[in-house]
Amino acid sequence: MIRPINLVPVKARLFRSIGDEGRLTVLEALLDGERRVLELAQDTGQSQSTVSTHLALLHAAGLVTRRQDGRQVVYRLADVTIERLLQAGEDAVFATSAQEFACTSPCCTEG
């Protein structure tokens, strides 16, 4: 496999692609499998136009693939590594903000 010598710019472009809340929401919705634009719009609460724009950018970044299904286009995550990346992001959020999400209920603070 041919790889760039300096991966930093490529990784920065990847993280910029998922650094938008709307695009990240679309990616998270695709964790459940293939979806059409209309389904993604309903699942994410975003307009079809907005979802289409997000999907175009995510496709250009190589994060999602698309295929024709009749007159409609179906999108999915491009690779299982994208799913692992999203899970790693979630793990990092929990690991770095454990105090923010700590239970303050009496049953958890006793002892």
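**Briefing: Leu30 and the fold around it**

Leu30 is buried, with a relative accessible area of 2% (buried means under 20%, exposed over 50% and partly exposed in between, with a 1.4 Å probe and protein chains only). The model is predicted: local features need pLDDT of at least 70 and side-chain atom pairs count only at pLDDT 80 or more, while totals for chains, interfaces and linings use all residues. Residues are numbered from 1 along each chain as its sequence is written, and side-chain values use heavy atoms, with hydrogens and water left out.

**Leu30 and its contacts**

- Leu30 is found in helix α2, residues 21-30 (helices are DSSP runs of H or I with at least four residues, strands are runs of E with at least two, and both are numbered from the N terminus).
- Apart from neighbours within four places in sequence, Leu30 is in contact with Arg35, Leu40, Leu55, Val64, Tyr75, Arg76 and Leu77 (contact means heavy atoms within 4.5 Å).
- Val64, with neighbours within four places again set aside, is in contact with Leu30 and also with Leu27, Leu55, Leu58, His59, Tyr75, Arg76, Leu77 and Ala78.
- From Leu30 to Arg84 the C-alpha to C-alpha distance is 13 Å, and the two are 54 residues apart in sequence.

**The largest nonpolar core**

- Among the 17 residues of this core, Leu27, Leu30, Leu40, Leu55 and Val64 touch the most other members (a nonpolar core is a set of buried Ala, Val, Leu, Ile, Met, Phe, Trp, Tyr and Cys residues joined through side-chain atoms within 4.5 Å).
- At least two residues of this core come from each of α2, α3 (37-44), α4 (48-60), β3 (72-77) and α5 (80-96).
- Helix α2 gives the largest share, four residues.

**Overall fold and dimensions**

- The protein has six helices and three strands, in the order α-α-β-α-α-β-β-α-α from the N terminus.
- The C-alpha trace spans about 60 × 40 × 20 Å along its principal axes.
- Of the contacts between residues at least 6 apart in sequence, 47% join residues at least 24 apart.

**Burial and surface**

- Buried residues account for 23% of the 111 residues.
- The accessible surface is about 7900 Å², and 53% of this belongs to carbon and sulfur atoms (Shrake-Rupley method, 1.4 Å probe).
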